[in-house]
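Work through the exercises below with the model open beside you. Try each task before you read its solution.

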Amino acid sequence: MDPKLLGRAVDLATQNAASGQLPFGALLVRDGEVLATGVNTVLRDLDPAAHAEVEAVRAACRNLGTLDLRGAEIYSSCEPCPMCCRAAQATGIAVIWYAAQATDIPDLGYPVPAPDVFEARHATHAEATAPFARYLNG
Ligand SMILES: Nc1ccnc(=O)[nH]1
């Protein structure tokens, strides 16, 4: 953990807030090198997935031309949500360092309230696995 990098993530969040965006920022770092940064652009882009951490992961993948970010870590201004953790995990990232805790976040007027129970529901379909076969068989 490099406290300077955590400070840079917090600074990014403050700058983002100064431009009217939600107050979150993140750096993606490997071997002490900042590979990418991200800020929350959910409001500007009307994109509910545009969290700072996700934007940093996207930028790093684009910059490096790979989906493999193993060995990298994220420094975030704030505790990451499950979506950001999974996006980072999907690229091989194992650690997100964060400054503010979820309990520190005041009511920002966003996100909308989540349902008490969320379900991904299975429905039987005869061709459900056809896309996989098509992909593998060309
Ligand atoms: N940690 C975070 C919480 C909410 N939004 C973000 O972009 N990041």
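The exercises cover the ligand site and then the pockets of this predicted model.

**Exercise 1. Which residues surround the ligand, and how do they divide by type?**

Solution. 
- Step 1. List the shell. Phe24, Asn40, His51, Ala52, Glu53, Cys78, Glu79 and Pro80 surround the ligand.
- Step 2. Sort the shell by type. It holds 4 nonpolar, 2 polar and 2 charged residues.

**Exercise 2. Which polar atoms lie within 3.5 Å of a nitrogen atom of the ligand?**

Solution. 
- Step 1. Start with the side chains. A polar side-chain atom of Glu53 lies 2.7 Å from a ligand nitrogen.
- Step 2. Turn to the backbone. For Glu79, a polar backbone atom is 2.9 Å from a nitrogen atom of the ligand. For Cys78, a backbone N or O atom lies 3.2 Å from a ligand nitrogen.
- Step 3. Check the cover. On its own the ligand has 240 Å² of accessible area, and the protein covers 91% of this.

**Exercise 3. Where does the ligand sit, and what lines that space?**

Solution. 
- Step 1. Locate the ligand. The space it takes is the largest pocket.
- Step 2. Read the volume. The largest pocket has about 460 Å³.
- Step 3. Find the lining. It comprises 21 residues, and Phe24, His51, Cys81, Ile105 and Pro111 lie nearest the centre.
- Step 4. Trace the elements. α3 (52–64) and β3 (73–78) each give two or more residues to this lining. The largest share, 3 residues, comes from β3.
- Step 5. Sort the lining. It divides into 14 nonpolar, 5 polar and 2 charged residues.

**Exercise 4. Which element gives the most to the lining of the second largest pocket?**

Solution. 
- Step 1. Size the pocket. Its volume is about 170 Å³.
- Step 2. Find the lining. There are 13 lining residues, with Pro23, Phe24, Ser77, Cys78 and Ala100 nearest the centre.
- Step 3. α1 (3–18) and β3 each supply at least two residues.
- Step 4. Pick the element. α1 gives the most, with 4 residues.
- Step 5. Sort the lining. It has 10 nonpolar, 2 polar and 1 charged.

Note on methods:
Residues are numbered from 1 along each chain as its sequence is written. This is a predicted model: local features need pLDDT of at least 70, side-chain atom pairs count only at pLDDT 80 or more; totals for chains, interfaces and linings use all residues. Side-chain values use heavy atoms; hydrogens and water are left out. A residue is near a molecule or strand if one of its heavy atoms lies within 4 Å of it. A polar contact is a pair of N or O atoms within 3.5 Å; within protein, one must be able to donate a hydrogen and the other to accept it, and residues adjacent in sequence count only if both atoms are side-chain atoms. Accessible areas come from the Shrake-Rupley method with a 1.4 Å probe; for residues, only the protein chains shown count as cover. On a 1 Å grid over the protein atoms alone, a cavity is a set of points where a 1.4 Å probe fits but cannot get out, and a pocket is an open set with protein on both sides within 12 Å along at least five of seven lines; lining residues have an atom within 4 Å of a point. A molecule sits in a cavity or pocket if more than half of its atoms lie within 2 Å of its grid points. Ala, Val, Leu, Ile, Met, Phe, Trp, Tyr, Cys and Pro count as nonpolar, Asp, Glu, Lys and Arg as charged, and the others, Gly among them, as polar. Grid points are joined across faces, edges and corners, and a volume is the space filled by probe spheres set on the points.
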